[in-house]
Amino acid sequence: MTRLVYFAWVRERIGKGEEEIDLPASVKTGSDLLAHLKTLGEDYAHALEHEKVIRIAINQEHVEHDEPIAGAREIALFPPMTGG
C-alpha cells in the first residue's frame, strides 16, 4: 500500500485529503501515477486534468514526473505553490 496525500485544490476536487492504495505494477513513475489516478473516476480526472502543473513529492522531497516511485512510503500531489 502506498499513502497518497492531496493538497489545496487537488484535495478539494478529489474530495479527500489522503488515502492508501495498492498501485498496479505498471505504475513506475510519477507520470504513471497521475495517469492511473485519472482512471479512478471523474473527481480524479477533474483534479488531475492539467497534470503538467501538478507537483509531486515522494517521501517529502519534490521530484520530477519521470522519477521512479518504487519504495515510496508517501506520495504527495499538489498544485503549483505561490508565496510571498
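Is Glu51 buried, partly exposed or exposed? With a relative accessible area of 23%, Glu51 is partly exposed; buried means under 20% relative accessible area, exposed over 50%, and partly exposed in between (1.4 Å probe, protein chains only). The model is predicted, so local features need pLDDT of at least 70 and side-chain atom pairs count only at pLDDT 80 or more, while totals for chains, interfaces and linings use all residues. Residues are numbered from 1 along each chain as its sequence is written, and side-chain values use heavy atoms, with hydrogens and water left out.

Glu51 forms a salt bridge with Lys38, and the closest N and O atoms are 2.8 Å apart. A salt bridge is a side-chain nitrogen of Lys or Arg within 4 Å of a carboxyl oxygen of Asp or Glu. Glu51 lies in the loop between α3 and β3 and Lys38 in helix α2, so the pair ties together parts that are 13 residues apart in sequence. Helices (H or I, at least four residues) and strands (E, at least two) are DSSP runs, numbered from the N terminus. Lys38 is also partly exposed, at 28%.

Helix α2 spans residues 30-38, and its buried residues are Gly30, Leu33, Leu34, His36 and Leu37. These residues lie on the same side of α2 because they cover an arc of only 165 degrees around the axis, the arc being that of the directions from the helix axis to the C-beta atoms. The elements that cover them include β1 (2-6), β2 (18-21), α3 (42-47), β3 (55-58) and β5 (74-78); contact here means heavy atoms within 4.5 Å.

The structure has 4 salt bridges by the rule given above. One of them joins the side chains of Arg3 and Glu18 at 2.8 Å, N to O. This pair links distant parts of the chain, with Arg3 in strand β1 and Glu18 in strand β2, 15 residues apart. Arg3, Glu18 and Glu74 are linked in a network of salt bridges. Another salt bridge connects Glu19 and Lys16 at 3.4 Å, N to O. Glu19 is buried, at 14% relative accessibility, whereas Lys16 is partly exposed, at 32%.

Aromatic rings are the last topic. A search of the whole structure finds 1 aromatic pair. Phe7 and Phe78 form this edge-to-face pair, 6.1 Å centre to centre with 80 degrees between the planes. Rings of Phe, Tyr and Trp (its six-membered ring) pair if their centres lie within 6.5 Å; planes under 30 degrees apart count as stacked, over 60 as edge-to-face and the rest as tilted. Phe7 lies in the loop between β1 and α1 (8-14) and Phe78 in strand β5, so the pair ties together parts that are 71 residues apart in sequence.
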